[in-house]
Amino acid sequence: GLPISTYAKYCYRKLQKVAVTGGKKGLRKPTVEEIMHARNAIVTPSLFGSSLEEIMVRQQDMYPGNKLPWVQTQLSQQVLALGGEQTEGIFRVPGDIDEVNALKLQVDQWRIPSSLSDPNIPASLLKLWYRELEEPVIPQQFYKECISNYENPDAAVAVVQLLPELNRLVLCYLIHFLQIFAQPSNVGRTKMDVNNLAMVMAPNCLRCQSDDPRVIFENTRKEMSFLRMLIVHLDTSCIQGLV
C-alpha cells in the first residue's frame with residue numbers, strides 16, 4: 001500500500017551507502033528472513049543505519065527513561081558478559097558473519113538471545129552499529145577539529161564537550177567501554193592495547209570525506225591518535241550507571 005516513491009527513495013539511500021561502504025555480506029545471498037526484514041525496515045526503520053535521534057525516538061515507547069541507545073548498551077554489556085575483555089583479538093577478530101547477521105535481525109526486534117557464547121559476535125555487531133550510523137558519533141562538522149588536535153589531550157577532550165548532548169553521551173559510553181579493555185590486566189589477555197583499540201574503533205567514529213588517497217591515509221593516522229587521546233585522557237565518570 002506504500003507509494004512507489006517511498007520504496008525508490010529508500011533504495012536510493014541504501015544504494016548511495018553501499019557505493020561508499022561496499023557490501024557487508026560478501027557474495028552470500030541474503031536469506032528469506034533478511035529480505036523480509038529489509039522490506040519491513042522501509043516502514044519500521046532499522047536500529048542500524050539510522051540516526052541517533054531516530055533510534056532514541058523509536059525506543060521511547062519501550063525504554064522511555066533511557067538516555068542512551070538500547071542497542072549500544074545491550075551489545076556492549078553482552079561483550080563483557082561473555083568475557084570479551086579476556087578474549088584475545090577482541091574487536092580485531094571478526095565474528096562468524098552468519099551469526100552476526102542472525103543477531104542483527106534479533107536485535108532489530110529488541111531481543112538478545114540467551115544462546116550467545118562467542119563475544120566476537122556482539123563485538124562485531126557493535127562495531128557495525130557504530131559504522132552504519134547515518135551520521136557518525138562525532139558529527140561531520142567536528143571532524144577537522146578532531147584531526148587538528150590529535151596530539152593535544154586537553155584540546156581533544158574539549159572537542160567532546162562541544163558535541164550535542166546525545167552524541168557526547170554515546171561517545172563517552174563508548175570510550176568508557178574501551179577504557180575497560182585498555183586496562184593492563186586485560187591487555188595481557190586480549191593483546192589489544194590502547195593503540196590497537198584506537199585503530200579498530202576510530203573508523204567507526206570519524207569519517208573522512210576526501211576522495212584523495214593521500215589525505216585518507218594521512219587522516220587515518222590522525223583519527224587513530226585522536227581516539228587514543230580520548231581513551232587515555234577522557235574522564236567518563238559522567239556515564240556511570242547511565243543506560
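Helix H6 (residues 120–132) comprises 13 residues, and the distance from its first C-alpha to its last is 18 Å, close to the 18 Å expected at 1.5 Å a residue. Helices (H or I, at least four residues) and strands (E, at least two) are DSSP runs, numbered from the N terminus. The expected span of a helix is 1.5 Å times one less than its number of residues. H6 is mostly covered, with twelve of its 13 residues buried. Here buried means under 20% relative accessible area, exposed over 50% and partly exposed in between (1.4 Å probe, protein chains only). The buried residues of H6 are Asn120, Ile121, Pro122, Ala123, Ser124, Leu125, Leu126, Lys127, Leu128, Trp129, Tyr130 and Glu132.

The structure is a predicted model, in which local features need pLDDT of at least 70 and side-chain atom pairs count only at pLDDT 80 or more, while totals for chains, interfaces and linings use all residues. Residues are numbered from 1 along each chain as its sequence is written, and side-chain values use heavy atoms, with hydrogens and water left out.

An unreviewed UniProt entry lists residues 50–238 as "domain: Rho-GAP". UniProt positions are given in the numbering used here, feature names are shortened, and annotations may be inferred rather than shown by experiment. The span of residues 50–238 is 61% helix and 0% strand, and its end C-alpha atoms lie 25 Å apart.

Helix H11 (residues 194–205) has twelve residues, which should span 16 Å at 1.5 Å a residue; the end C-alpha atoms of H11 are 16 Å apart, in agreement with that value. Buried positions in H11 are Val194, Leu197, Ala198, Val200, Met201, Ala202, Asn204 and Cys205. The buried residues of H11 pack against H6, H9 and H12, where contact means heavy atoms within 4.5 Å.

Helix H12 (residues 213–233) also packs with helix H8 (residues 153–162); the two axes come within 9 Å and cross at roughly 90°. H8 is therefore roughly perpendicular to H12. Axes are lines fitted to C-alpha atoms, for helices over the stretch in contact, and angles run from 0 to 180 degrees between N-to-C directions. Angles under 35 degrees count as roughly parallel, over 145 as roughly antiparallel, 65 to 115 as roughly perpendicular and the rest as oblique. From H8, the contact involves Pro153, Ala156, Val157, Val159 and Val160, and from H12, Phe226, Met229, Leu230 and His233. By class, the residues of this contact are eight nonpolar, one polar and no charged. Ala, Val, Leu, Ile, Met, Phe, Trp, Tyr, Cys and Pro count as nonpolar, Asp, Glu, Lys and Arg as charged, and the others, Gly among them, as polar. Val157 of H8 touches Leu230, His233 and Leu234 when neighbours within four places in sequence are left aside.

H9 and H12 pack at an angle of about 75°, and their axes are 9 Å apart. This angle makes H9 roughly perpendicular to H12. Leu171, Ile175, Leu178 and Gln179 of H9 meet Leu227, Leu230 and Ile231 of H12. The contact of H9 with H12 contains six nonpolar residues, one polar residue and no charged residues.

The axes of H4 and H9 come within 11 Å and cross at roughly 5°, which means that H4 is roughly parallel to H9. H4 contributes Gln72, Thr73, Ser76, Gln77, Val79 and Leu80, and H9 contributes Val170, Tyr173, Leu174, Phe177, Ile180 and Phe181. These residues divide into eight nonpolar, four polar and no charged.

Asn167 lies in helix H9 (residues 165–181) and counts as buried because its relative accessibility is 3%. Not counting residues up to four places away in sequence, Asn167 touches Leu52, Glu53, Pro136, Val137 and Pro139. Asn167 and Pro139 are 28 residues apart in sequence, and their C-alpha atoms are 8.0 Å apart in space.

Two residues other than glycine were examined for positive phi. Phe91, with phi near 75°, is in the loop between helix H4 (70–81) and helix H5 (97–107). Phe91 is buried, at a relative accessible area of 2%. Lys191, with phi of about 60°, is in the loop between helix H10 (184–190) and H11. Lys191 is partly exposed, at a relative accessible area of 47%.
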